[in-house]
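Have a look at the sequence and the model, then read on.

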Amino acid sequence: MVSVATLGSHCALQVLKGAKDEGLKTILVSEKKRERLYKRFSFIDEVIPVDSFEEVLDKKCVSILERNDAVLIPHGTLIAQMSTRQIESITTPVFGNKWILRWESDRKLKEQLMKESDLNVPQSVPNPKKIKRLVIAKRHGAAGGKGYFLASSEKDYLKKRNILVKQGLIKGDQDLYIQEYVMGVLAYLQYFYSPLNETLEFFGVDKRHESDIEGLARIPAQQQLGMDYISSFNVIGNSSMVLRESLLDEVYQIGERFVKASKRLVKPGMNGPFCIEGVYDQDGKFWSFEFSARIVAGTNIYMEGSPYSTLLYDTPMSMGRRIAREIKLASKSKKIEKITT
Ligand code: ATP
């Protein structure tokens, strides 16, 4: 019988609860310091204690996962704590497409895939000399917005960059990705694509709360002007959101174009959960600055289902449970290789 495994962090509780609801065995690879937390939840059948998540590559861990016929669900912690090469070398079947995670971590590849998907992507700026208007400077990888900063000229950029290097948030030789800043309403669109029935499901949308950029709006302009301070975009949490119904058709089209381009560029394509992240501008036009090619933590707010998954399923359907359902279906029809890499 197939089982579901994941690393103990990010959205592990949602993923394993969903798997249990679908009647599957659940396994958690947990850092020893977090075991105490995860032991509180009865839906976790087995915990593999490790000192670091990289041990998921070690023989001991691999053989437990193999013995349980486990499918490993990748999430943000896997990407943040392991290199692309390590992820690609995982021998346990990984849900979705492990090869596309390289495209998520590398800003140039990321931009290429978004452009090939015909998404409106904010203009990237090749070097600080070319900064003409407000830009955001970002580190590569899933840094979660920490150490990102805004700048409106080369001088402003260099000044802030130097301060962040001194604070140890950026390495001196680190290349940053510079992109035009789009003002509007941020939205993080959550999807699931099933390669078994070749359909795209729009699962939900969330807002992120980022510190301390959000706090700026609470301070009068007079005080802001006097501050010699660089605000950051460190994600603290998520909250739910619904979109105007008139925007939904485009939301589906955005997801479908992304799935189609992924199939072409990075086989077997964008299977399973993913998220397209961006901003609706003053004309309601969606600008995508980012994607996540795996489950995002924003789905944690919909453990009982979202306003959109409710339209598709009669049972409360979290993203974690949807993943487990796909695994169960694939296992029954002997198609696990179609949903894993
Ligand atoms: P994660 O991996 O957690 O998704 P990340 O490190 O890949 O984050 P982004 O999602 O690209 O970083 O950016 C972090 C935050 O910065 C966004 O949530 C958003 O608030 C802001 N942001 C990024 N790009 C833009 C942009 N072009 N215009 C406006 N805001 C932006």
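How many Å apart do the C-alpha centres of domain 1 and domain 3 lie? The answer is 34 Å. Keep in mind that this is a predicted model.

**The domains**

The protein chain is split into three pieces by the domain assignment: domain 1 covers 3-95, domain 2 is put together from 105-119 + 184-217 + 236-332, and domain 3 runs over 124-180. Domain 2 and domain 3 are the ones to watch when it comes to the ligand, as each gives at least three residues to the shell around it.

In total, 22 residues surround the ligand, and the closest are Lys138, Tyr148, Tyr188, Glu210 and Glu290. Sorted by class, the shell holds eleven nonpolar residues, four polar ones and seven charged ones.

| Residue | Atom in the protein | Atom in the ligand | Distance |
|---|---|---|---|
| Glu180 | backbone N or O | nitrogen | 3.0 Å |
| Val182 | backbone N or O | nitrogen | 2.9 Å |
| Glu210 | side-chain N or O | oxygen | 2.4 Å |

Glu180 and Val182 take part through their backbones, whereas Glu210 uses its side chain. On its own, the ligand has 620 Å² of accessible area, and the protein covers 96% of that.

Most peptide bonds are trans, and most residues other than glycine have a negative phi. A few spots in this chain go the other way.

Take the bond between Ser211 and Asp212: it's cis, with omega at about 5 degrees.

Another cis bond runs from Lys267 to Pro268, with omega near 5 degrees. You'll find Pro268 in a loop, between α11 (248-265) and β12 (272-280).

Then there's Asp69, which isn't a glycine but still has a positive phi, near 55 degrees. Look for Asp69 in the loop that links α3 (59-67) and β4 (70-73).

Conventions: Residues are numbered from 1 along each chain as its sequence is written. This is a predicted model: local features need pLDDT of at least 70, side-chain atom pairs count only at pLDDT 80 or more; totals for chains, interfaces and linings use all residues. Side-chain values use heavy atoms; hydrogens and water are left out. A residue is near a molecule or strand if one of its heavy atoms lies within 4 Å of it. A polar contact is a pair of N or O atoms within 3.5 Å; within protein, one must be able to donate a hydrogen and the other to accept it, and residues adjacent in sequence count only if both atoms are side-chain atoms. Accessible areas come from the Shrake-Rupley method with a 1.4 Å probe; for residues, only the protein chains shown count as cover. Ala, Val, Leu, Ile, Met, Phe, Trp, Tyr, Cys and Pro count as nonpolar, Asp, Glu, Lys and Arg as charged, and the others, Gly among them, as polar. Domain bounds come from an automatic or database domain assignment. Helices (H or I, at least four residues) and strands (E, at least two) are DSSP runs, numbered from the N terminus.
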